[in-house]
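Here are my notes on the model. Please read them alongside the coordinates.

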Amino acid sequence: MALISAMYPVAEQVGASRIVKAVAIPHPCGDPSLPAELDGQLRREIVSTALKALEAKVDTTTGFTPKVGADG
């Protein structure tokens with residue numbers, strides 16, 4: 001299982017073995033304050049990171065951070 005979450009401790013508590021860092025609680029997979037093109041790039045990077053997390057072999061809870069953050 002991979003979970004995209006802005007709340008890492010909660011993701012750990014529910015037993016997610018792969019946690020992808022989200023942007024914010026109300027908008028985990030995007031940032032509506034960004035121009036549409038940048039928001040789209042951010043969304044694609046988060047989903048791409050989640051797919052890579054699913055492919056990764058993990059033994060314990062592991063965090064994954066998208067390369068592109070909300071601040072660019």
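1. Ala16 sits in the loop that links helix H1 (8–13) to S2. Helices (H or I, at least four residues) and strands (E, at least two) are DSSP runs, numbered from the N terminus. Ala16 counts as buried because its relative accessibility is 1%. Buried means under 20% relative accessible area, exposed over 50%, and partly exposed in between, with a 1.4 Å probe and protein chains only. Ala16 and Ala2 are 14 residues apart along the chain, and their C-alpha atoms are separated by 6.2 Å. Neighbours within four places in sequence aside, Ala16 is in contact with Met1, Leu3, Ala11 and Thr61. Contact means heavy atoms within 4.5 Å.

2. A word on provenance. This is a predicted model: local features need pLDDT of at least 70, side-chain atom pairs count only at pLDDT 80 or more, and totals for chains, interfaces and linings use all residues. Residues are numbered from 1 along each chain as its sequence is written, and side-chain values use heavy atoms, with hydrogens and water left out.

3. Now the sheet. Three strands make an open sheet, ordered S1-S2-S3, with parallel pairing. Strand S1 (2–5) and strand S3 (62–64) are at the edges with a single partner strand each, so one side of each has no neighbour in the sheet. From one strand to the next, the twist averages 30 degrees. Axes are lines fitted to C-alpha atoms, for helices over the stretch in contact, and angles run from 0 to 180 degrees between N-to-C directions. Two strands pair if DSSP finds at least two bridges between them.

4. Which residues face each other across S1 and S2? Four bridges join S1 to strand S2 (residues 18–21), and the two run parallel. Ala2 has Arg18 as its bridge partner in S2. Ile4 is partnered there by Val20. Ser5 stands opposite Lys21 in S2. The chain crosses from S1 through H1 to S2, and this β-α-β crossover is right-handed. That label applies if, with the strands pointing away from the viewer, the path from the first strand over the helix to the second runs clockwise.

5. Arg18 has Thr62 as its bridge partner in S3. The chain crosses from S2 through H2 to S3, and this β-α-β crossover is left-handed. Please check the handedness of this crossover by eye.

6. Ile19 belongs to strand S2. Ile19 is buried, at 2% relative accessible area. Beyond its neighbours within four places in sequence, Ile19 is in contact with residues including Leu3, Tyr8, Ala11, Glu12 and Phe64. Thr61, Thr62 and Gly63 are also among them. Ile19 and Leu38 are 19 residues apart along the chain, with their C-alpha atoms separated by 23 Å.

7. How many residues does H2 have? H2 has 20 residues and reaches 29 Å from its first C-alpha to its last, close to the expected 28 Å. The expected span is 1.5 Å times one less than the number of residues. The buried residues of H2 are Asp39, Gly40, Leu42, Glu45, Ile46, Thr49, Ala50 and Ala53. What covers these buried residues includes S1, S2 and S3.

8. Asp39 is part of helix H2. Is it buried or exposed? Asp39 counts as buried because its relative accessibility is 11%. Its side chain reaches the backbone nitrogen of Asp31 at 2.6 Å. A polar contact is a pair of N or O atoms within 3.5 Å; within protein, one must be able to donate a hydrogen and the other to accept it, and residues adjacent in sequence count only if both atoms are side-chain atoms. Leaving aside neighbours within four places in sequence, Asp39 is in contact with Gly30, Asp31, Pro32 and Leu34.

9. Asp31 lies in the loop between S2 and H2. Asp31 is buried too, at 13% relative accessible area. The C-alpha atoms of Asp31 and Arg43 are separated by 8.3 Å, and the two residues are twelve apart along the chain.
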